Amino acid sequence: MTQSEKNELLFQYGINYNTLPSWQKRGVGIYNKDSIKPGFNPVTRETVDCTRKELFVEKELGMRGEYRTFLRGIFNNR
């Protein structure tokens with residue numbers, strides 16, 4: 001289907017594609033990211049910083065070049 005045919009099909013069901021949020025148009029990005037959390041070392045009884053993986057959800061994915069830059073940032077940090 002062409003883009004205009006898809007828009008027409010959605011419009012038949014009362015959906016205007018142009019008013020949808022970007023996450024409904026392009027999807028979402030879900031990825032792990034390192035974050036620093038405070039921890040406690042029971043042996044030395046000191047507070048230490050710990051690196052943990054945290055799940056992030058990006059609802060505003062860019063288009064074209066912005067999306068490629070977003071993906072490079074994720075894959076270069078691995």
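1. Ground rules. This is a predicted model, in which local features need pLDDT of at least 70, side-chain atom pairs count only at pLDDT 80 or more, and totals for chains, interfaces and linings use all residues. Residues are numbered from 1 along each chain as its sequence is written, and side-chain values use heavy atoms, with hydrogens and water left out.

2. Overall fold. The protein has three helices and two strands, in the order α-α-β-β-α from the N terminus. The radius of gyration is 21 Å, well over the 12 Å that the globule rule gives for 78 residues, so the protein is more spread out than a compact globule. That radius is taken over C-alpha atoms, and the rule is 2.2 Å times the number of residues to the power 0.38. Helices (H or I, at least four residues) and strands (E, at least two) are DSSP runs, numbered from the N terminus.

3. Extent and burial. Along its principal axes, the C-alpha trace spans about 65 × 25 × 15 Å. Buried residues make up 12% of the 78 residues; buried means under 20% relative accessible area, exposed over 50%, and partly exposed in between (1.4 Å probe, protein chains only). Of the contacts with a separation of 6 or more, 36% are between residues 24 or more positions apart, where contact means heavy atoms within 4.5 Å.

4. How many salt bridges does a search of the whole structure find? It finds two, a salt bridge being a side-chain nitrogen of Lys or Arg within 4 Å of a carboxyl oxygen of Asp or Glu. One joins the side chains of Asp34 and Lys53 (2.9 Å, N to O). Asp34 lies in strand E1 and Lys53 in strand E2, so this pair ties together parts that are 19 residues apart in sequence. Lys53 is exposed at 61% relative accessibility, while Asp34 is partly exposed at 46%.

5. Glu54 and Lys37. Glu54 also forms a salt bridge, with Lys37, and their closest N and O atoms are 3.7 Å apart. Glu54 is in strand E2 and Lys37 in strand E1, so the pair links parts 17 residues apart in sequence. Both residues are partly exposed, Glu54 at 29% and Lys37 at 36%.

6. Asn32. This residue of strand E1 is exposed at 52% relative accessibility. Leaving out residues up to four places away in sequence, Asn32 touches Lys53, Glu54 and Leu55. Asn32 and Lys53 are 21 residues apart in sequence and 5.9 Å apart in space, C-alpha to C-alpha.

7. Nonpolar patch. Please look at Trp23, Val28, Ile30, Leu55 and Val57, which make a nonpolar surface patch of about 490 Å². Patches are made of residues with over 30% relative accessible area and no salt bridge, with like charges joined within 9 Å and nonpolar side chains (Val, Leu, Ile, Met, Phe, Trp, Tyr) within 5 Å. Val28 sits in the loop between helix H2 (22-26) and strand E1 (29-41), and is partly exposed at 39%.

Key
Accessible areas come from the Shrake-Rupley method with a 1.4 Å probe; for residues, only the protein chains shown count as cover.
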